Amino acid sequence: GVLAPGERLQSVRDLAVEAGVNPNTMQRALSELERDGLVYSQRTSGRFVTEESSMIDETRRTIAQQYTKDFLEAMERLGYTREDITNIIEGFKKEDSENGDTQVQ
């Protein structure tokens with residue numbers, strides 16, 4: 001969601017500095033994203049985010065499912081049941097609606 005479909009990515013070096021990793025590591029990560037079809041290269045112009053919104057949506061959904069699974073497992077390790085977890089989330093939603101917020105933060 002940070003970059004729009006079709007948007008140009010920063011250079012490998014700039015991304016590596018921003019992420020605090022070696023440029024070779026960033027190059028490998030970008031190559032993997034390219035293999036997955038999430039970014040593409042244009043000779044002499046750089047790399048760009050794919051314009052295939054369905055691919056972006058599916059990737060976001062997959063990541064969200066993994067985050068949700070990890071969250072539920074962590075809460076269960078703390079001793080919460082699924083019902084407890086639901087009640088906690090509902091409490092946040094209620095607080096947000098009382099404060100005029102439209103999203104859980």
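At what angle do the axes of helix 1 (residues 12–19) and helix 2 (residues 23–35) cross, and within what distance do they come? In this predicted model, local features need pLDDT of at least 70 and side-chain atom pairs count only at pLDDT 80 or more, while totals for chains, interfaces and linings use all residues. Residues are numbered from 1 along each chain as its sequence is written, and side-chain values use heavy atoms, with hydrogens and water left out.

Two packed helices are described by the angle between their axes and the distance between the axes. The axes of helix 1 and helix 2 cross at roughly 110 degrees and come within 8 Å. Helix 1 is therefore roughly perpendicular to helix 2 (angles of 65 to 115 degrees count as roughly perpendicular, under 35 as roughly parallel, over 145 as roughly antiparallel and the rest as oblique). Axes are lines fitted to C-alpha atoms, for helices over the stretch in contact, and angles run from 0 to 180 degrees between N-to-C directions. Helices (H or I, at least four residues) and strands (E, at least two) are DSSP runs, numbered from the N terminus. On the side of helix 1, the contact (heavy atoms within 4.5 Å) is made by Val12, Arg13, Leu15, Ala16 and Ala19, and on the side of helix 2 by Pro23, Met26, Gln27 and Leu30. These residues comprise 7 nonpolar, 1 polar and 1 charged. Here Ala, Val, Leu, Ile, Met, Phe, Trp, Tyr, Cys and Pro count as nonpolar, Asp, Glu, Lys and Arg as charged, and the others, Gly among them, as polar.

Side chains of opposite charge can pair when their charged atoms come close. In the whole structure, 5 salt bridges are found (a side-chain nitrogen of Lys or Arg within 4 Å of a carboxyl oxygen of Asp or Glu). Glu76 is partly exposed at 35% relative accessibility, and Arg82 is partly exposed with a relative accessible area of 49% (buried means under 20%, exposed over 50% and partly exposed in between, with a 1.4 Å probe and protein chains only).

Within helix 3, Glu58 and Arg61 lie 3 residues apart, about one turn of the helix. Their salt bridge has its closest N and O atoms 3.4 Å apart. Glu58 has a relative accessible area of 41% and is partly exposed, as is Arg61 at 43%. In helix 4, Lys93 and Glu90 are likewise 3 residues apart, about one turn of the helix, and their side chains form a salt bridge at 3.6 Å, N to O. Lys93 counts as partly exposed at 43% relative accessibility, and Glu90 counts as partly exposed at 40%.

Thr44 lies in the loop between strand 1 (39–42) and strand 2 (46–49). Phi of Thr44 is near 70 degrees, a positive value in a residue other than glycine. Thr44 is exposed, with a relative accessible area of 83%.
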